[in-house]
Each structure stands twice: as C-alpha cells, then as structure tokens.
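Subject: A structure for you to look at

Hello,

I am handing over a structure that I would like you to look through. Please open it first, and then read my notes below.

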Amino acid sequence: MSGAVRRSMGMCLPCLSGAGDDGVVTPDPETRRRQLAEAAEKRQKEITYRGVKNPEALERKKKKQEETEKQTMNSVPSGGGGLRWQVG
C-alpha cells in the first residue's frame with residue numbers, strides 16, 4: 001500500500017508530475033527587462049506618494065519651492081554682501 005502512495009504523491013501538482021508547459025511563453029530578455037523596470041518605477045511612485053491625496057498638487061508645490069529657492073540664491077550677491085574683516 002505504501003508503494004501506491006509514493007507513486008501518486010506529487011502528481012497533484014502539474015509542475016511536479018512532469019507535465020508540459022501549458023503554453024507559457026517567456027518573453028525575450030529585452031521585454032522582460034522593460035517590464036521589470038516599469039514595475040520598479042510603479043512601486044517607487046507608490047512608495048513616494050503613499051498617504052498623499054493629490055500627488056500632482058504635491059509636485060507643483062515642490063517645483064514652486066525649488067524655483068523660490070533658486071531665486072533666493074540668485075538674488076544674494078556672491079562675495080559682495082555679508083561681513084567684512086578689517087585689520088589694523
């Protein structure tokens with residue numbers, strides 16, 4: 001009886017029974033690479049915007065803040081302003 005059990009074990013899953021491929025086609029390496037890159041980009045976006053109701057508004061706010069910082073940096077004269085040392 002134990003011999004019959006051993007032969008039928010593993011036959012419940014097609015991958016273990018030695019069955020054919022069921023028509024599954026693996027994409028070429030370039031397509032696979034592109035798919036993986038798209039999936040990684042999607043996960044990164046999801047992580048970045050987790051808990052944000054309006055991601056577009058957040059992007060606009062970030063850009064506006066960066067522009068304000070650039071204007072502030074450009075308006076400060078380099079070398080001309082600030083403290084001066086006097087010796088003597």
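What pattern does the protein follow, read along the sequence? The answer is α-α-α-α. The protein has four helices and zero strands, where helices (H or I, at least four residues) and strands (E, at least two) are DSSP runs, numbered from the N terminus.

Some notes on how to read it. This is a predicted model, in which local features need pLDDT of at least 70 and side-chain atom pairs count only at pLDDT 80 or more, while totals for chains, interfaces and linings use all residues. Residues are numbered from 1 along each chain as its sequence is written, and side-chain values use heavy atoms, with hydrogens and water left out.

On confidence, pLDDT is the predictor's confidence in each residue, from 0 to 100. Its mean for the protein is 78, with 66% of the residues at 70 or more. Helix 1 (residues 2-8) has the lowest confidence, at a mean of 51, and helix 3 the highest, at 94.

Next, the surface. The protein has an accessible surface of about 9000 Å², and carbon and sulfur atoms account for 55% of that; areas come from the Shrake-Rupley method with a 1.4 Å probe, and for residues only the protein chains shown count as cover. Of the 88 residues, 0% count as buried (buried means under 20% relative accessible area, exposed over 50%, partly exposed in between; 1.4 Å probe, protein chains only).

Now to the charges. Side chains of opposite charge can pair when their charged atoms come close. A salt bridge here is a side-chain nitrogen of Lys or Arg within 4 Å of a carboxyl oxygen of Asp or Glu, and the count comes to two.

- Arg33 and Glu30 form a salt bridge at 2.9 Å, N to O. Both residues lie in helix 3 (residues 29-48), three residues apart, about one turn of the helix, and both Arg33 and Glu30 are exposed.
- Glu38 and Arg34 form a salt bridge at 3.5 Å, N to O. Glu38 and Arg34 also lie in helix 3, four residues apart, about one turn of the helix. Glu38 counts as partly exposed because its relative accessibility is 46%, and Arg34 counts as partly exposed because its value is 45%.

Finally, helix 4 (residues 55-75) holds Glu69, which counts as partly exposed because its relative accessibility is 46%.
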